[in-house]
Amino acid sequence: MTEIKSNLNVVLSNIRKLENSHNRIRESVKLLAVSKTKPIEDIQRAIDCGQKDFGENYLNEAIHKMEYFRDQDCIWHFIGRVQSNKTRIIAENFDWVHTVDRIKIAQRLSIQRPENLSPLNCCIQINIDDEPSKAGVSYEQAEQLISDTSALPRLRIRGLMVIPATRLVYNEQLAIFNKVEELFTILQKKFPLMDTLSMGMSGDLEAAIAKGATIVRVGTAIFGKRPL
Ligand SMILES: *Cc1c(COP(=O)(O)O)cnc(C)c1O
């Protein structure tokens, strides 16, 4: 058994166990395999194990991979920072964008989404630590941005995404994800079509699942360490 295959099995069975221990509905947490910087062969191994959802941050390598796997029914998620001059290539090629944090970007994605494709699934990225240097809209501004972007015809606003600062202590991870879950619950009352909470990576998977994540984005635990 290749390492990727066994890693993937471990991550998946861990997710199922955590759903159970945190009173989550079975299979309510989807695994997004983050394949950035990893070669085609690694993605192929994951596909061979039945993995369908892949996350990429860097457009040039992502385009190459999506082209290569065009005939497989993979679902491609853009999870990197969106530059406004790159929105067309994202709108034309991806199924999901997790990192929408400005109306201008959302407007461009909506206009540029091809007619023959279904609306682009989007998450609004929240800067939950409120660090000015980091991407994401503030907790306070989230509602306005969701309201504005929900009106765009070629986007489907699916929920929230966060990349919290690294916290090694479980209770601190829980506290930050709890804040996200509270915000999500409030916003879902106003925007009932939202069904997605994209949070949790290799190092904070359990806390994210405990606090309602529906998509966890896992790279290292599946594909191994990345070059720095
Ligand atoms: C790289 C990346 C991940 C995966 O992180 P790991 O710690 O390798 O699991 C998840 N989300 C985003 C946005 C990333 O850029």
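Q: In which helix is Ile-4 found?
A: Helices (H or I, at least four residues) and strands (E, at least two) are DSSP runs that are numbered from the N terminus, and on this basis Ile-4 belongs to helix α1, residues 3–21. The model is a predicted one, in which local features need pLDDT of at least 70 and side-chain atom pairs count only at pLDDT 80 or more, while totals for chains, interfaces and linings use all residues. Residues are numbered from 1 along each chain as its sequence is written, and side-chain values use heavy atoms, with hydrogens and water left out.

Q: Is Ile-4 buried or exposed, and which residues does Ile-4 touch?
A: A residue is called buried under 20% relative accessible area, exposed over 50% and partly exposed in between, with a 1.4 Å probe and protein chains only. Ile-4 has a relative accessible area of 8% and is therefore buried. Contact means heavy atoms within 4.5 Å, and, not counting residues up to four places away in sequence, Ile-4 touches Asp-42, Arg-45, Ala-46, Ile-222 and Phe-223. Ile-4 and Gly-224, although 220 residues apart in sequence, are 8.2 Å apart in space, C-alpha to C-alpha.

Q: How many bridges join strand β5 to β6?
A: Two strands count as paired if DSSP finds at least two bridges between them. Strand β5 (residues 120–126) and β6 run parallel and are joined by 7 bridges, and within this pairing Gln-125 has Met-161 of β6 as its bridge partner. From β5 the chain passes through helix α6 (residues 142–150) to reach β6, in a β-α-β crossover that is right-handed; that is, with the strands pointing away from the viewer, the path from the first strand over the helix to the second runs clockwise. β6 also pairs in the parallel sense with strand β7 (residues 196–198), over 3 bridges, and here Gly-159 has Thr-196 of β7 as its bridge partner. A right-handed β-α-β unit is likewise made by β6, helix α7 (residues 170–190) and β7.

Q: Which way do the residues of β8 point?
A: In a regular strand the side chains alternate between the two faces of the sheet. In β8, Ile-215 and Arg-217 point one way and Val-216 and Val-218 the other, and all are buried. β8 pairs with strand β1 (residues 30–34) in the parallel sense over 4 bridges, and Ala-33 stands opposite Val-218 of β8.

Q: Which residues touch the most other members of the largest nonpolar core?
A: In soluble globular proteins, nonpolar side chains tend to be buried together. A nonpolar core is taken as a set of buried Ala, Val, Leu, Ile, Met, Phe, Trp, Tyr and Cys residues joined through side-chain atoms within 4.5 Å. The largest core has 63 residues, of which Phe-54, Ile-124, Ile-126, Leu-160, Val-216 and Ile-222 touch the most other members; its largest share, 7 residues, comes from α7. A second, separate core of 7 residues includes Leu-32, Ile-79, Trp-96 and Met-161. With neighbours within four places in sequence left aside, the contacts of Ile-124 include His-98, Val-100, Leu-145, Ile-146, Ile-157 and Met-161.

Q: Which residues of helix α5 are buried, and what do they pack against?
A: In helix α5 (residues 103–112), the buried residues are Ile-105, Ala-106, Leu-109, Ser-110 and Gln-112. The buried residues of α5 pack against α4 (87–93), β4 (96–100), β5, α6 and β6.

Q: Is Glu-56 buried or exposed?
A: Glu-56 lies in strand β2 (residues 53–56) and is buried, its relative accessible area being 0%. Apart from neighbours within four places in sequence, Glu-56 is in contact with residues that include Lys-36, Glu-61, Lys-65, Trp-76 and His-77.

Q: Where is Glu-27 found, and what is the phi of Asp-130?
A: Glu-27 is in the loop between α1 and β1, where its phi is near 65°, a positive value in a residue other than glycine; at 58% relative accessibility, Glu-27 counts as exposed. Asp-130, which is not a glycine either, has a positive phi of about 55° and is found in the loop between β5 and α6.
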